[in-house]
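Let's take a walk through a protein together. Keep the structure open beside you and find each spot as we get to it.

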Amino acid sequence: MCDILETTKFVGDWTVGDICATSEVYDANIAEAATPGQIRFDQLGPDRLPVFATIDGNLLSIYDQAYGLAVIGGSGGIDTVNQVITLDYRVDYGQGNIVNCLTSLEK
């Protein structure tokens, strides 16, 4: 029951402001994942990947996930008062090609 309450504040439709190699704004949805205590971004990053994160209170951890040759991972948190999620993550395409991203999601 506690895991459900922790994830609920992240669930919904968000406007994403990504600052990676370029700046982009797009819409994304976060849903509860099948695994308790996890959420799923329907799309995130320059490649709009489906990404899973583990929730611990107001913090989230995007554990390393491989998509083809790319590996995405990072961390962040939510400001529940202002309904803003901030993320610091990276996409590693291999051979030293790493894109670092700072992201803000707003409801």
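One word first: a residue is called buried when its relative accessible area is under 20%. Also keep in mind that what you're looking at is a predicted model.

Find cysteine 20 and cysteine 101: both are buried. Searching the whole structure turns up one disulfide. If you look along the S-S bond, the angle about it is 120°, and the link between cysteine 20 and cysteine 101 is right-handed. So what does this link tie together? Cysteine 20 is in the loop between strand E1 (12-19) and strand E2 (23-32), while cysteine 101 is in strand E8 (residues 98-106), so the bond connects parts that lie 81 residues apart in sequence.

On one side of the story is E2: a hairpin of three residues leads from E1 into E2, and the two strands run antiparallel, joined by eight bridges. E1 also pairs with E8, again in the antiparallel sense, over five bridges. Threonine 15 is a handy place to check both pairings. It stands opposite aspartate 27 in E2, and threonine 15 also stands opposite glutamate 106 in E8.

Next, head for the inside. The largest nonpolar core has 26 residues, and the ones touching the most other members are Phe41, Leu60, Ile85, Leu87 and Tyr89. Which elements give two or more residues to this core? They are E1, E2, strand E3 (38-44), strand E4 (49-56), strand E5 (59-67), strand E6 (70-79), strand E7 (84-92) and E8. For a close-up, pick leucine 87.

Our last stop is glutamine 38, which is found in strand E3. Is it buried or exposed? Glutamine 38 counts as buried, because its relative accessibility is 14% and the cut-off is under 20%. Leaving out neighbours within four places in sequence, glutamine 38 is in contact with Thr7, Glu32, Ala33, Phe52, Ala53, Thr54 and Tyr63.

Technical notes
Residues are numbered from 1 along each chain as its sequence is written. This is a predicted model: local features need pLDDT of at least 70, side-chain atom pairs count only at pLDDT 80 or more; totals for chains, interfaces and linings use all residues. Side-chain values use heavy atoms; hydrogens and water are left out. A disulfide is a pair of cysteine sulfur atoms within 2.5 Å. Helices (H or I, at least four residues) and strands (E, at least two) are DSSP runs, numbered from the N terminus. Buried means under 20% relative accessible area, exposed over 50%, partly exposed in between (1.4 Å probe, protein chains only). A nonpolar core is a set of buried Ala, Val, Leu, Ile, Met, Phe, Trp, Tyr and Cys residues joined through side-chain atoms within 4.5 Å. Contact means heavy atoms within 4.5 Å. Two strands pair if DSSP finds at least two bridges between them.
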